[in-house]
Amino acid sequence: MDERAFYKESQTTKPATLSCPYCRESNTYELKWLLRRKVNQLPRNADERDRAKFAKAASYMVLMDDKTACKNPRCRRPFEVSGIRTTAFLTD
Ligand SMILES: [Zn+2]
């Protein structure tokens, strides 16, 4: 069974403070995240192995943006998002 059957996917944005590697200016950027929330019940066709995997599965989110454009009007260069965690478990 595809692991995607364990989750309901949605998207959200969260602010992160990033500094541009070119102009060194720090700004808050709204980054896009993919939320994967664990569903309450496994589909009926799940087998033993699916059930074991499902028991260990937890809701989490993955960063979707790997690049952003600098907000400094004198710079505006695109740079890679780094220095922040790109996956996180969801506790709610
Ligand atoms: Zn910049």
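Trainee: What makes Cys20, Cys23, Cys70 and Cys75 the protein donors of the zinc ion?

Mentor: Distance. Donors are N, O and S atoms within 2.8 Å of the metal (3.2 Å for Na, K and Ca); water is not among the atoms, so sites may look incomplete. The SG atoms of Cys20, Cys23, Cys70 and Cys75 lie 2.3 to 2.4 Å from the zinc ion, so they count. This is a predicted model, where local features need pLDDT of at least 70, side-chain atom pairs count only at pLDDT 80 or more, and totals for chains, interfaces and linings use all residues. Residues are numbered from 1 along each chain as its sequence is written, and side-chain values use heavy atoms, with hydrogens and water left out.

Trainee: Why is the site of the zinc ion called tetrahedral?

Mentor: Four donors count as tetrahedral if all angles lie between 85 and 135 degrees; four count as square planar and six as octahedral if opposite donors are over 155 degrees apart and all others between 65 and 115; anything else is irregular. Here the angles among the four donor atoms are 103 to 114°, so the site is tetrahedral.

Trainee: How do you know whether Cys20 and Cys70 are buried or exposed?

Mentor: Buried means under 20% relative accessible area, exposed over 50%, partly exposed in between (1.4 Å probe, protein chains only). Cys20 has 1% relative accessibility, so it is buried. Cys70 also has 1%, so Cys70 is buried.

Trainee: How many disulfides are there?

Mentor: A disulfide is a pair of cysteine sulfur atoms within 2.5 Å. By this rule the count is zero.

Trainee: What makes β1 and β2 a pair?

Mentor: Two strands pair if DSSP finds at least two bridges between them. β1 and β2 have 13, in the antiparallel sense, so they pair.

Trainee: Why do β1 and β6 count as edges?

Mentor: The open sheet runs β1-β2-β3-β6. β1 and β6 (87-89) each have a single partner strand, so one side of each is left without a neighbour in the sheet.

Methods:
Helix = DSSP H or I, 4+ residues; strand = E, 2+ residues; numbered from the N terminus.
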